[in-house]
Amino acid sequence: GRWTTTRHARHPAADIALEALPESRAWFNAQLQAVIAPALSLLFPLALPSPSALRVLDGFVVRYSHAAGHVELPVHRDGSLITINIALNGEADFEGGGTWVEHADERVLAPE
């Protein structure tokens with residue numbers, strides 16, 4: 001797999017599909033079953049009554065690069081009911097970060 005900026009036409013970013021990264025995909029799938037799906041089922045029981053019902057529509061890794069001008073995605077709405085973001089670097093490795101939630105008018109940054 002290669003990095004591309006054409007997978008998401010309305011929100012171009014340097015990204016690569018998770019399926020093109022076999023080791024990362026295996027790690028993600030293990031975390032999805034053991035941690036992510038059960039937590040989402042507890043937080044959103046009406047949307048996800050059973051952790052085993054969770055399906056990943058579009059798993060990908062985004063690469064941000066200040067030097068290349070890729071520092072953020074424009075404000076947008078994802079096409080899924082639930083979206084998760086997993087930071088692959090610790091807070092000390094970058095400035096900014098997080099996800100701005102338009103409805104709440106706040107930036108959410110998950111703890112390490």
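**Side-chain contacts and a pocket in a predicted model**

In this predicted model, the side chain of R63 is placed over the face of W3, at 4.2 Å from the ring centre. The count of aromatic pairs, by contrast, comes to zero.

Confidence in the prediction was examined next. The protein chain has an average pLDDT of 85, and 97% of the residues score at least 70. Among the elements of the chain, helix α1 has the highest mean pLDDT, 94, while strand β3 (residues 99-101) has the lowest, 83. Where pLDDT is low, predicted coordinates should not be read in detail.

Contacts between charged side chains were also considered. Side chains of opposite charge can pair when their charged atoms come close. The count of salt bridges in the model comes to one. This salt bridge joins E102 to R77, with 3.4 Å between the closest N and O atoms. E102 belongs to the loop between β3 and β4 (106-108), whereas R77 belongs to the loop between β2 (60-62) and β3, so the pair ties together parts that are 25 residues apart in sequence.

The second largest pocket has a volume of about 190 Å³. Its lining is formed by R7, A17, L18, E19, R25, F28, N29, V56, L57, D58 and G59. Helix α1 (residues 22-43) supplies the largest share of this lining, namely three residues. By residue class, the lining of the second largest pocket comprises five nonpolar, two polar and four charged residues.

Methods. Residues numbered from 1 in each chain as written. Predicted model: local features only at pLDDT ≥ 70, side-chain atom pairs only at ≥ 80, totals over all residues. Heavy atoms only, no water. Phe/Tyr/Trp six-rings, centres within 6.5 Å; stacked < 30°, edge-to-face > 60°. Lys NZ or Arg CZ within 6 Å of the ring centre and 35° of its normal. 1 Å grid on protein atoms, 1.4 Å probe; cavity = no way out; pocket = protein on both sides within 12 Å on 5 of 7 lines; lining within 4 Å. Points joined across faces, edges and corners; volume = space filled by probe spheres on them. Helix = DSSP H or I, 4+ residues; strand = E, 2+ residues; numbered from the N terminus. Nonpolar A, V, L, I, M, F, W, Y, C, P; charged D, E, K, R; others polar. pLDDT = per-residue confidence, 0-100. Salt bridge = Lys/Arg side-chain N within 4 Å of Asp/Glu carboxyl O.
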